[in-house]
Amino acid sequence: MRTFHRALVFALIAVNILSPIYMLDFCQSSDLDCHNHDMSSDIQPSAHTYKSRWNISVTNLMKDLDHFRVSSKKLIETFPVDEISGNFVRTVKNCIFSKSIPTPLKGPLKLAALSKVVIEEILDLDMAVTHSSDFLQFISGGRLLPGSVPLAHRYGGHQFGFWAGQLGDGRAHSLGQYKNRKGDVWELQLKGSGKTPFSRSGDGRAVIRSSVREFLCSEAMHSLGIPTSRAASLIVSEEPVLRDQFYNGNVKTERGAVVLRLAKSWFRIGSLEILAESGEIDLLRKLLDFVINEHFPSIKANDPDKYLVFYATVVNETAHLIAQWMSVGFAHGVCNTDNFSLLSITIDYGPFGFMESYNPNFVPNTSDDEGRYRIGAQANVGLFNLEKLLVSLSPVLSQKQQKEAKHILKGYVDIYQMRIHQLFKAKLGLLGEETNDGFLIAFLLQMMEDTQSDFTMTFRQLSEASADQLHSRDFTQLWALEDLSLHLHFSEWLSTYLLRLNRQENEDVDRQHRMQSVNPRYVLRNWMAESAIQKAEMNDFSEVELLHHVLSFPFVTQETAEEAGYAARPPQWAKGLKVSCSS
Ligand code: AMP
Ligand code: MG
């Protein structure tokens with residue numbers, strides 16, 4: 001035991017010195033605070049008729065698109081729109097949106113995937129609608145619905161630490177808002193739908209591989225309970241799209257695809273940054289008032305500190321979001337300010353990755369040479385991005401408020417640490433609080449790093465093994481625990497853990513249930529996505545569908561998933577996989 005304590009002390013020192021703030025955290029599923037904005041869509045539809053702003057009464061799911069109304073009215077009436085039209089690249093000033101018509105994907109088109117939950121529960125559409133050619137046209141940019149004025153959003157951003165100037169929706173079109181029968185307003189967007197004024201040197205398209213990844217991951221993150229944009233459909237075409245996937249001069253012809261994606265709002269830190277940078281302060285205030293009014297109902301319009309309260313909320317929610325990413329080993333890959341939502345939801349899925357062997361230096365994006373967005377740096381990068389948010393808010397804050405905002409930002413690290421601690425305690429099934437809990441977690445992670453144990457499966461197998469099984473070190477079939485148990489100090493850690501569990505409850509099965517509800521058995525590992533993509537490129541979408549289904553229930557053991565090896569040791573070929581920024 002003395003050795004173990006020495007080891008723990010060492011681990012704590014190591015953790016304090018070496019790790020910035022990448023460490024730990026988790027919450028009970030009953031903890032309401034765990035879920036923000038997006039989770040409201042999980043509430044079962046009520047039977048009552050909802051009369052929407054667009055005068056649609058939806059009692060049952062709609063059987064065709066004739067009555068499906070989206071509206072761009074609110075956005076174009078609230079904000080000035082670019083006076084120039086046309087999809088040619090330009091610097092855009094004094095507006096939030098440019099009108100931009102999608103360029104339809106060239107046929108023949110194939111509907112590769114649908115999210116039934118999104119179609120039915122968010123869009124109020126009967127799945128029968130998705131069989132119509134109208135629907136295919138709609139989701140591939142070939143048909144606009146009445147009320148839709150497609151818009152490309154003007155934003156800027158800090159990319160890899162530096163101000164990049166105007167970025168904007170270079171290949172996405174906002175089709176308008178839809179208010180569903182629950183009263184939730186969602187903004188629909190096509191991604192990969194052609195050039196806009198913000199396309200810079202891009203072609204406005206997205207290829208199959210990145211679109212499959214975005215479709216699958218947004219829905220998988222939602223099912224993990226992590227705030228995220230959603231995906232309704234994925235359509236692929238024969239349209240040739242040229243990509244140099246690894247930026248090594250090897251240009252290949254791929255195929256264009258479009259994802260219909262949804263969020264309560266697509267505004268980002270970069271949406272405010274561009275306005276502050278170009279001195280458009282009235283517009284900055286207008287955008288802030290709109291975002292607050294629409295998405296932060298507890299902030300009163302006449303509160304003289306409303307922008308400060310808004311800032312404090314975003315600081316808090318961003319810390320929570322990144323802690324949740326860390327709790328499932330998710331690395332976003334490109335944490336630029338233009339990819340950080342003002343609603344603190346996960347957006348813009350690109351070269352993301354779920355960490356396999358535990359490694360704080362895990363970098364999912366092979367184009368990120370310096371490892372700026374390595375998993376262990378995400379919390380610090382969040383801090384950087386929130387600093388940039390504060391800079392862009394400064395023109396609307398008094399001197400005193402700016403000082404207070406800086407003070408609020410200082411609290412970010414504590415919020416993050418507190419959340420991480422909660423989340424990882426739940427991952428280990430720890431109830432209450434004991435002085436050594438931090439040691440227990442930190443030391444486990446250190447052992448996982450030393451033994452390169454699989455992050456997802458170590459926690460899952462600790463959840464699945466009974467205390468007796470752990471005690472007798474019976475790890476048959478528990479491959480991740482087998483790896484972990486090779487650590488010199490594993491026995492000491494295990495006995496301390498079992499003693500800790502022993503002190504808290506009689507029924508071990510309760511602990512197992514609790515842990516299994518927060519430790520997923522299935523996450524979207526790169527090799528799983530890659531396998532589905534390879535088939536999709538041959539027009540076989542069966543594995544996309546399988547993964548979509550499996551990842552909708554990540555905490556439940558499923559036969560088909562087991563047969564596919566999704567909870568098994570990753571195949572050897574997975575080690576050589578690379579994901580770049582090219583999409
Ligand atoms: P991302 O790295 O996907 O967040 O994109 C960064 C910026 O590049 C955004 O302004 C995108 O709209 C733009 N962009 C990325 N790919 C393309 C493309 N193929 N065509 C036009 N714009 C693009
Ligand atoms: Mg982006």
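Predicted model: local features only at pLDDT ≥ 70, side-chain atom pairs only at ≥ 80, totals over all residues.
Trainee: What percentage of the residues in the protein chain is buried?
Mentor: A residue is called buried under 20% relative accessible area, exposed over 50%, and partly exposed in between, with a 1.4 Å probe and protein chains only. The protein chain has 583 residues, and the buried share of them is 60%.

Trainee: Which residues coordinate the magnesium ion (ligand 2), and at what distance?
Mentor: Donors are N, O and S atoms within 2.8 Å of the metal (3.2 Å for Na, K and Ca), and since water is not among the atoms, sites may look incomplete. Asn 339 counts as buried at 10% relative accessibility, and Asp 348 counts as buried at 13%. The ion is coordinated by OD1 of Asn 339 and OD of Asp 348, at 2.1 Å.

Trainee: How do the residues of the shell around ligand 1 divide into nonpolar, polar and charged?
Mentor: A residue is near a molecule or strand if one of its heavy atoms lies within 4 Å of it, and 16 residues surround ligand 1, the closest being Gly 168, Gly 170, Arg 200, Gly 204 and Asn 339. Ala, Val, Leu, Ile, Met, Phe, Trp, Tyr, Cys and Pro count as nonpolar, Asp, Glu, Lys and Arg as charged, and the others, Gly among them, as polar. The shell therefore divides into 2 nonpolar, 7 polar and 7 charged residues.

Trainee: What percentage of the accessible area of ligand 1 does the protein cover?
Mentor: A polar contact is a pair of N or O atoms within 3.5 Å; within protein, one must be able to donate a hydrogen and the other to accept it, and residues adjacent in sequence count only if both atoms are side-chain atoms. An oxygen atom of ligand 1 is 2.6 Å from an N or O atom in the side chain of Arg 200, and a nitrogen atom of ligand 1 is 3.0 Å from one in the side chain of Asp 203. A backbone N or O atom of Arg 205 lies 3.2 Å from a nitrogen atom of ligand 1. Of the 480 Å² of accessible area that ligand 1 has on its own, the protein covers 80%.

Trainee: Is Leu 167 buried or exposed?
Mentor: Leu 167 is found in the loop between strand S7 (162–166) and strand S8 (172–179). Contact means heavy atoms within 4.5 Å, and, not counting residues up to four places away in sequence, Leu 167 touches Tyr 155, Gly 156, Gly 157, Gln 159, Phe 198, Arg 200 and Asp 338. With a relative accessible area of 3%, Leu 167 is buried.

Trainee: Which backbone oxygen does the side chain of Ser 140 reach?
Mentor: Ser 140 has its place in the loop between helix H4 (133–139) and strand S5 (151–153), and Ser 140 is buried, with a relative accessible area of 1%. The side chain of Ser 140 reaches, at 2.7 Å, the backbone oxygen of Leu 136.

Trainee: What is omega for the cis peptide bond that joins Gly 107 and Pro 108?
Mentor: Pro 108 lies in the loop between strand S3 (97–99) and strand S4 (110–114). For the cis bond between Gly 107 and Pro 108, omega is about -5 degrees.

Note on methods. Residues numbered from 1 in each chain as written. Chains lettered and ligands numbered in written order. Heavy atoms only, no water. Helix = DSSP H or I, 4+ residues; strand = E, 2+ residues; numbered from the N terminus. Areas by Shrake-Rupley, 256 points an atom, 1.4 Å probe, with all protein chains shown as cover.
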